[in-house]
Amino acid sequence: MSGTASPASVTALRGDPYHLGHTRDGHGESRATGRGTGGPSPKRIIVAYGFWIFILSDIVMFASFFASYAVLQGGVSDGPTGPEIFDLDRIAIETALLLLSSFTCGMATLALSARRMLLFQTAMAVTFCLGAGFVALEVMEFYDLIQRGAGPSRSAFLSSFFTLVGCHGLHVTVGLLWLLTMMAQVLTKGFRSDIVRRTLCFALFWHALDIVWVGVFSVVYLMGSIT
């Protein structure tokens, strides 16, 4: 009978009852010509898409911190102002370390694509050292400010400053732990596709932190030193 489904069609529907990712004809054959038209997307695209959403949400968070700082930077009360506490020489060194680490991270990404183990591990190790140097200088800056009585509870300006800069420093610290994890995974398991995806996500995260720091350096330190 014309209204009775063929065995092949019934089997196909049982295998994909809701037609997720596949469109089938009357004979139960998929009409999908490839992953881009009817089948599921490759995992690397799904992972990249999800991680971009995470990066954008993180940028929205930092944008709110920037907005809070812009509103509160004049609320110094009886506490010190930006020009009185900012050490631009130290901040310049921090900036140079972080920007240089972005370059070495890019070199590690190229080595990853070329499957060159020694170059990858070396570039990642240099990236870690530069990032650790950045975090160490930032911790020293916070320690000096607190010792001078310019802690986050002193004024609204200092509260917003410690929140914005400290949140970025926390992200860099997490990035360093992630970096060590990826070095260990590549060393022990090689250049597997899932490990390569994770490492590329780390590189995207690290470069995003550099972009945020350029904003911190420009808005907080440079502009704050002349007001």
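A salt bridge is a side-chain nitrogen of Lys or Arg within 4 Å of a carboxyl oxygen of Asp or Glu. Arg-198 forms such a bridge with Asp-194, and their closest N and O atoms are 3.3 Å apart. The structure is a predicted model. The protein has 7 helices and 0 strands, and along the sequence its pattern reads α-α-α-α-α-α-α. Of its 227 residues, 38% are buried.

- Side chains of opposite charge can pair when their charged atoms come close.
- The count of salt bridges in this model is 3.
- Arg-198 and Asp-194 both belong to helix 7, which covers residues 193-222.
- These two residues are 4 residues apart, about one turn of the helix.
- Asp-194 also meets the side chain of Arg-192 in a salt bridge, with an N to O distance of 2.7 Å.
- Asp-194 has a relative accessibility of 18%, so it counts as buried, because buried means under 20%.
- Arg-192 is partly exposed, at a relative accessible area of 37%.
- Arg-198 is partly exposed as well, with a value of 36%.
- Arg-198 can also be compared in position with Phe-51, which is 147 residues away along the chain. The C-alpha atoms of Arg-198 and Phe-51 are separated by 9.9 Å.

- Arg-90 and Asp-144 form a salt bridge through their side chains, at 3.0 Å from N to O.
- Arg-90 lies in helix 4 and Asp-144 in helix 5, so this pair ties together parts that are 54 residues apart in sequence.
- Arg-90 counts as buried, at 18% relative accessibility.
- Asp-144 is partly exposed, with a relative accessible area of 29%. That value falls between the cut-offs of 20% for buried and 50% for exposed.

**How helix 4 and helix 5 pack**

- Helix 4 spans residues 88-114 and helix 5 spans residues 117-147.
- The axes of helix 4 and helix 5 come within 8 Å and cross at roughly 160°.
- This makes helix 4 roughly antiparallel to helix 5, because angles over 145 degrees count as roughly antiparallel.
- The crossing of helix 4 and helix 5 is left-handed.
- In the contact of helix 4 with helix 5 there are 19 nonpolar, 5 polar and 5 charged residues.

**The loop between helix 4 and helix 5**

- Arg-115 lies in the loop between helix 4 and helix 5.
- Most residues other than glycine have a negative phi.
- Arg-115 has a positive phi of about 55°, although it is not a glycine.
- Arg-115 is partly exposed, with a relative accessible area of 43%.

**How helix 6 and helix 7 pack**

- Helix 6 runs over residues 156-189.
- The axes of helix 6 and helix 7 come within 10 Å and cross at roughly 160°.
- Helix 6 and helix 7 are therefore roughly antiparallel to each other.
- Helix 6 passes helix 7 in a left-handed crossing.
- The contact of helix 6 with helix 7 has 20 nonpolar, 5 polar and 2 charged residues.
- Helix 7 is also the helix that holds Arg-198.

**Cysteines**

- A disulfide is a covalent bond between the sulfur atoms of two cysteines.
- Cys-167 counts as buried, at 13% relative accessibility.
- Cys-201 is buried too, with a relative accessible area of 11%.

Conventions
Residues numbered from 1 in each chain as written. Predicted model: local features only at pLDDT ≥ 70, side-chain atom pairs only at ≥ 80, totals over all residues. Heavy atoms only, no water. Axes fitted to C-alpha atoms, helices over the stretch in contact; angles between N-to-C directions. Parallel < 35°, antiparallel > 145°, perpendicular 65-115°, else oblique. Left-handed = near helix turned anticlockwise from the far one by under 90°. Nonpolar A, V, L, I, M, F, W, Y, C, P; charged D, E, K, R; others polar. Buried < 20%, exposed > 50% of the residue type's maximum accessible area, 1.4 Å probe, protein only.
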